[in-house]
Amino acid sequence: MLLDEVMQVSTKEQLVKKTSEEFKLQYGTTPDTVTLTPGRINIIGEHTDYNDGLSMPAAIDRWMCVALSKSNKKASTIYSINYKKCVTMSTNKSNATQGSWIKLASTSIDVLTDEFDLQEGGNVAIGGNIPIGCGLSSSSAFIIAITHTFCQLFSIQIKNRDLAYLCQKIESITLGINCGLLDQYGIILSKKNHFMVIDFHDDHIEYIPVHINECSWLVVNSQIHRELSDTAFIQRMNECQEGLDILKDKFNINGFRDIEETMLLELQAEHEVIYKRLSHLIEENKRVNDMKDQIQKGSADNVGMLLKQSHESLKSLYQVSCKEIDYIIALSENFDGWYGGRIVGGGFGGCSIHLLTSHVVDEYNSYITTNYLKKFDLIPDIIKVSFPGGL
Ligand code: GLA
């Protein structure tokens, strides 16, 4: 069970205070260092990062906080404030359950120990207010928070893209998936009040100001839990790869970015599912570029339309949505002042992101809460997000 207390902590300052207090209760001293790592949102460009595509993430004002001191011994001890549980780990090979926070922590510490020949472990308290497993990168933030804090305390000079690659490696080992870099780039490389336009093909990053007049970005947590390691996620990756391999045999292409829409017609008859997956990829990449233009123009209507198109594609072509989030989107269509929204992150549950006129935010909140509760007997968590910049 999650400890609601820490999830409800709203400011960075309160989170630092809470984490430091919990550290003291656990270890009897004050920590040597305390750090904050944000979660991330992705405006558009979903399920594109591992396919050489484009995405538009930004760090958000939800955080993972780590308090750390050297342990004066080989082993490290981690106290999770969210789960109210303490684990000492001299090796990760034993009792760690796949995907759990213990496995994330132990893999992070193992990789750090191996790569940088650490002779000493750490005492850690970690807690945060990023909704867990909901599409806002709580797992990546967790890994980055631990890795970055150890690097800071042990004077390991690794940051920016190199830190992102290291944390991607840790996440891939932990989850058994070759993850993309969306989460790590979004969390580490974001700039305050900007969205990043990332091209994963050549690793190019452009920053665009987030400002759209009199509008707010909202995240609605459906409370439907998902696991990144779900077979469906891996299946999507494999289907895209299979599609690329088929097209490589038919056309003179090297990678996903060489695929043209007309080539997809070759897949339509015999490989309908793969056709759908790759259609999403090609169209979603285009939407990222269109979104960049529309945000720069400040056109809330067109930004909203692209969000809606992305959701439809994730629902019908990539098939990673769920009935609860489809319902939230359908409900929103009838709400004045809602421009658009879509499921965010890996999918199959979790959060959706929405663009609204600022003055209707409270009204929207009660409208969605009332109807969603009635339909699914669940209370959605609705938060307004801002973009404070990355690590
Ligand atoms: C998860 C992964 C990301 C990305 C998204 C889908 O959040 O961690 O790398 O693939 O799903 O866009």
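1. In this predicted model, the count of salt bridges comes to 15 by the rule applied. One of the pairs joins arginine 257 to aspartate 199, with 2.8 Å between the closest N and O atoms. This pair links distant parts of the chain, since arginine 257 sits in the loop between helix H7 (231-250) and helix H8 (261-268), while aspartate 199 belongs to strand S7, 58 residues apart.

2. The chain is divided into two parts, domain 1 covering residues 4-209 and domain 2 covering residues 215-385. Their C-alpha centres are separated by 25 Å, and the contact between them draws on 37 residues from domain 1 and 42 residues from domain 2.

3. As to the extent of this interface, domain 1 and domain 2 bury about 3400 Å² between them, and 67% of that area lies on carbon and sulfur atoms. On the side of domain 1, Ile44, Glu46 and His47 together supply 20% of the area buried against domain 2, which is more than any other three residues contribute.

4. The polar side of the interface also deserves a comment. Three salt bridges are found across the interface of domain 1 and domain 2, and the same interface holds 14 residue pairs in polar contact, with both residues at pLDDT 80 or more. The elements giving two or more residues to the side of domain 1 that touches domain 2 are strands S1 (33-42), S2 (54-55), S3 (57-70), S7 (194-199) and S8 (204-209), together with helix H5 (160-175). By residue class, that side of domain 1 divides into 17 nonpolar, 12 polar and eight charged residues.

5. Glutamate 46 should be read in more than one context. This residue forms a salt bridge with arginine 342, the closest N and O atoms being 2.8 Å apart; Glu46 is also among the residues that come nearest to the ligand.

6. Around the ligand there are 12 residues, of which Arg40, Glu46, His47, Asp49 and Asp183 come nearest. Histidine 47 places a backbone N or O atom 2.7 Å from an oxygen atom of the ligand, whereas aspartate 183 has a polar side-chain atom at 2.5 Å from a ligand oxygen atom. For glycine 346, a backbone N or O atom lies 3.4 Å from an oxygen atom of the ligand.

Definitions and conventions: Residues numbered from 1 in each chain as written. Predicted model: local features only at pLDDT ≥ 70, side-chain atom pairs only at ≥ 80, totals over all residues. Heavy atoms only, no water. Domains from an automatic or database assignment. Contact = heavy atoms within 4.5 Å. Buried area = accessible area lost by both parts, 1.4 Å probe. Salt bridge = Lys/Arg side-chain N within 4 Å of Asp/Glu carboxyl O. Polar contact = N/O pair within 3.5 Å; in protein donor to acceptor, adjacent residues only side chain to side chain. Helix = DSSP H or I, 4+ residues; strand = E, 2+ residues; numbered from the N terminus. Nonpolar A, V, L, I, M, F, W, Y, C, P; charged D, E, K, R; others polar. Near = heavy atom within 4 Å.
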